[in-house]
Structure formats: structure tokens, C-alpha cells
Amino acid sequence: MRRVLPRSGRVSEGQDPPKSDRNERLRGEAGQVAGIEAIPFGLLVFVVAVLLVTNAWAVIDAKMTVASAAREATRAYVEAPDRADPAALAQDAAADAVRGGGRDPGRLDLTTESDGFTRCRRVTFVASYPVPAITLPWIGGFGHGFTATARHSEVVDPLRSGVPLGDQACETVAR
């Protein structure tokens with residue numbers, strides 16, 4: 001077998017190249033893997049993507065929590081027993097819903113858009129909860145990014161006893 005040895009230009013007849021030629025070939029950069037910097041960049045992209053998904057889930061979770069709080073507050077208000085404070089019952093029901101969602105009830109902002117507690121009166125509660133700009137699992141959130149808001153409306157039962165009749169006609173169409 002006849003071959004030409006690299007760099008020396010000598011012709012070899014089936015022999016292995018001398019060890020010095022072999023070592024000289026291994027010292028160069030030929031054959032090195034390029035792109036090793038892609039590993040830290042890929043890791044960085046992965047971490048950013050995980051944070052983005054975590055923050056998106058925090059917004060969705062807060063929206064579900066405030067929807068539940070508004071619904072429970074409205075329901076507690078319209079179903080309040082005679083001679084009870086319906087606003088206090090609504091606030092307690094909303095706080096329980098927020099606590100059940102694993103959030104702090106002290107950060108919940110609950111407002112009502114109704115004038116009083118009478119039959120046929122439409123009662124609407126609006127619940128708002130701030131969502132942090134950055135949410136880290138097991139650590140918590142930092143900054144103020146969004147405010148999740150939900151609204152729920154119901155009519156106080158027109159046939160209910162012990163509740164004064166309002167001055168408007170009963171409206172049964174949901175808004």
C-alpha cells in the first residue's frame with residue numbers, strides 16, 4: 001500500500017507514519033467541535049421560557065381566584081339571612097375563596113356596585129388582585145405586573161321574605 005505522509009511529503013510503503021508526524025497532526029485545531037457556547041445560551045433560553053410559563057400561569061391562577069371571590073361574595077350577599085350584614089358576609093366569603101386559592105386575602109380589593117339590599121335589586125361585586133411582575137416557584141413574586149379583575153352579578157330573590165321590596169321592577173335577564 002502506497003501513501004503520501006502529510007506535511008513531510010514522503011511516500012510510505014504500507015508502514016505507519018512515524019510517531020512525531022502523528023503527534024503533529026493531533027496538535028492542530030482541525031476537527032474541534034464548534035458551538036460549545038450554544039450550551040449556556042440554550043440553558044438561558046430554557047430558564048427564561050420556564051419563568052415565562054410560570055408567570056403566565058400566575059396570571060391565569062389569579063384570574064380564576066378573583067372570579068371565584070366575586071362569585072362567592074355576590075352569592076353570599078344575595079343569600080344573606082334576615083337581619084344580617086350582607087356586606088360583611090360577602091367580604092368573608094370572598095376572603096375564604098381567596099384563601100382557598102392559596103393567596104393572601106389582605107391583597108384582595110372587593111367593591112360592590114349595588115345601592116342596597118332589597119328584593120329584585122341587581123347586586124354586582126368586582127374583585128381585583130395584584131399579580132407580581134416576576135413569579136418564582138417556591139420563592140414568591142416581585143414587583144407589580146398585572147391586576148386580575150373579575151365581576152359577578154346576581155339578583156336578590158324577588159319572592160324572598162324578610163327583605164324589603166325595592167322601588168324597581170324585577171329584572172330577570174342576566175347581564
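**Figure 1. Overall contacts and secondary structure of the chain.** Of the contacts in the chain with a separation of 6 or more, 54% join residues 24 or more positions apart. The model is predicted. Three helices and seven strands are assigned, and from the N terminus on they follow the order β-β-α-α-α-β-β-β-β-β. The chain has 175 residues, of which 31% are buried.

**Figure 2. Close-up of the contact of α2 with α3.** Helix α2 spans residues 38-78, and helix α3 spans residues 86-100. The two axes come within 7 Å and cross at roughly 150°. Because angles over 145 degrees count as roughly antiparallel, α2 is roughly antiparallel to α3. The crossing of the two helices is right-handed. On the α2 side, the contact is made by T65, S68, A69, E72, A73, A76 and Y77. On the α3 side, the residues are P86, A87, L89, A90, A93, A94, A97 and V98. By class, the residues of this contact divide into twelve nonpolar, two polar and one charged.

Figure 3. N55 belongs to α2, the helix of residues 38-78. The relative accessibility of N55 is 17%, so this residue counts as buried; the cut-off for buried is under 20%. Leaving aside residues up to four places away in sequence, N55 touches A133, I134 and T135.

Figure 4. Strand β4 covers residues 122-131 and includes R122. With a relative accessibility of 12%, R122 counts as buried. S153 lies 31 residues from R122 along the chain. In the model, the C-alpha atoms of R122 and S153 are separated by 6.8 Å.

Conventions
Residues are numbered from 1 along each chain as its sequence is written. This is a predicted model: local features need pLDDT of at least 70, side-chain atom pairs count only at pLDDT 80 or more; totals for chains, interfaces and linings use all residues. Side-chain values use heavy atoms; hydrogens and water are left out. Helices (H or I, at least four residues) and strands (E, at least two) are DSSP runs, numbered from the N terminus. Buried means under 20% relative accessible area, exposed over 50%, partly exposed in between (1.4 Å probe, protein chains only). Contact means heavy atoms within 4.5 Å. Axes are lines fitted to C-alpha atoms, for helices over the stretch in contact, and angles run from 0 to 180 degrees between N-to-C directions. Angles under 35 degrees count as roughly parallel, over 145 as roughly antiparallel, 65 to 115 as roughly perpendicular and the rest as oblique. A crossing is left-handed if the near helix is turned anticlockwise from the far one by less than a right angle, and right-handed if clockwise. Ala, Val, Leu, Ile, Met, Phe, Trp, Tyr, Cys and Pro count as nonpolar, Asp, Glu, Lys and Arg as charged, and the others, Gly among them, as polar.
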